[in-house]
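Student: I have a structure open and I'd like to learn how to read it. Can you walk me through a few features?

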Amino acid sequence: MSSSATLPQSVAQQVKLWADMVIPYLCPVEKSGSVIGADGGVIHISKNDIPIGGRCRILTNDGDLHGEVVGFGAQSTLVMADRSLNGLRRGDRVIPATGTVNIEVGDTLLGRVIDAYGHPLDDRGPLQGSASVETWPIEGIPINPMERDRLTVPLDIGVRAINGIATLGRGMRTGLFAGSGVGKSTLLGMMARNASVDCVVLAMIGERGREVREFIEDHLGPALVRSVVVVSAADSPPLARVLGAHRAASIAESFRAKGRHVLFLVDSLTRLAMAGREIGLSVGEPAAMRGYPPSVFSRIAGFVERAGNGSKGQGSITGLYTVLVEGDDHVADPVADTARSVLDGHIVLSRRMSESGIYPPIDLSVSLSRPMPSLVSQEHNDAARRFRLLWARLIDKRELVDIGAYAPGRDPVLDEALRRMPAMESFLRQESNERVSLDNAIAGLIRAIGGQTTTDQPTN
């Protein structure tokens, strides 16, 4: 460039001074849309480029309303909000969120009770983050299946019946199937307090508000100091319930990435499926089995897959998901059937055993841990199979015995089951404040079926 085309030094300095003073205050162009209608819990906004699953912010006179794109109409984008639509007006401005949605994670959450948005619900004040805030994607970070560690280490859960008959593995995903009022909350509390893990992440999805504090104080108790509780109560919008479940899963994943072994409790998977049903039906998905649209079942599988062992050098997430079965129907319930197909095992609670005073009321004749044969010794595996056989025969023929229609000697297996019934029932019974180690559970199991072993003393 010739000298004649060069700006005088004084002019160049003035231009630079102007740029330094003005450019920092210039706002970039921001794409936005507007609300053009609402139908039930779904908001229709003018066309824009927000993809499905993307987040947006709606500016209302009553404050910002956050939502997620769940579908598209012929002339609009469908958004479902994470709170009530009260205060929403036609024409309110909609601003898309940019980038991946990340949430805060880390040790500062241990001992805290938070909601689906990360706000504290306890009386301990605001969350105190460290100088460098740790974050994790709300949708998680997928792990290559070929890089996941295999299930090789049994997990001491502290419950005699589970340790002995349906031994869990570290990184296993298990369903806890039960009707209402059978005792699943008590059992969840026992496992949260007694499991040999580094930390516990509890997702309370769709729970009644009254039960939240009762569970934390009466069942979780001293285990709260190593736990993170994420609550999305029954009165939360369906999107908030889904968000709460994924926030809890992200917190568990962040601990696993640090090499920790996590117990991930979800109560309940059924209410998460119900939230997915509300979202799917609202955007026009066809109803399939019992009113559940097809997306619900893929949502369940994707959510469960977030648990499990990490890759080399990482920890594990042992998932326990409660499944509410309507009328104790463990077969025709589509959510229960789907859960069985994607989980590594299932524990079924029996109303009949509960009414008989056997706690925890685990029906071992139908409960199963698929990886158990590769986790325990041959002696332990044989003893568990023998116990299961005797207990199943006892349950199957109990009515004949009660009415006196069975003559001893006709069924050798039933005869043995009747002889050992007091010992087997004693093995199954356990006080809620009692902890039974894995070794003591094995010893008690062998003794219950007539074997000889060391004494079985529960450890508190």
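Tutor: Let's take a residue, then the cysteines, then a pair of helices. Keep in mind that this is a predicted model.

Student: Okay, R112 first. Is R112 buried or exposed?

Tutor: We look at relative accessibility, and under 20% counts as buried. R112 comes out at 4%, so it is buried.

Student: Where does R112 lie, and what does R112 touch?

Tutor: R112 belongs to strand β8, which covers residues 112-115. Leaving out residues up to four places away in sequence, R112 touches P120, D122, R124, G125, P126, L127, S227, V228 and V229.

Student: Next, how many disulfides does a search of the whole structure find?

Tutor: The general idea: a disulfide covalently joins the sulfur atoms of two cysteines. Here the search of the whole structure turns up 0 disulfides. As for burial, C56 has a relative accessible area of 2% and is buried, and C199 is buried too, at 1%.

Student: Now the helices. At what angle do α12 and α13 pack?

Tutor: Helix α12 (residues 412-428) packs with helix α13 (residues 438-448) at about 165°, and their axes are 9 Å apart. Because of that angle, α12 is roughly antiparallel to α13. The crossing of α12 past α13 is left-handed.

Student: Which residues make the contact?

Tutor: From α12, R420, A423, M424 and F427; from α13, A441, G444, L445 and A448. Sorted by type, the residues of this α12 and α13 contact are 6 nonpolar, 1 polar and 1 charged.

Terms used. Residues are numbered from 1 along each chain as its sequence is written. This is a predicted model: local features need pLDDT of at least 70, side-chain atom pairs count only at pLDDT 80 or more; totals for chains, interfaces and linings use all residues. Side-chain values use heavy atoms; hydrogens and water are left out. Helices (H or I, at least four residues) and strands (E, at least two) are DSSP runs, numbered from the N terminus. Buried means under 20% relative accessible area, exposed over 50%, partly exposed in between (1.4 Å probe, protein chains only). Contact means heavy atoms within 4.5 Å. A disulfide is a pair of cysteine sulfur atoms within 2.5 Å. Axes are lines fitted to C-alpha atoms, for helices over the stretch in contact, and angles run from 0 to 180 degrees between N-to-C directions. Angles under 35 degrees count as roughly parallel, over 145 as roughly antiparallel, 65 to 115 as roughly perpendicular and the rest as oblique. A crossing is left-handed if the near helix is turned anticlockwise from the far one by less than a right angle, and right-handed if clockwise. Ala, Val, Leu, Ile, Met, Phe, Trp, Tyr, Cys and Pro count as nonpolar, Asp, Glu, Lys and Arg as charged, and the others, Gly among them, as polar.
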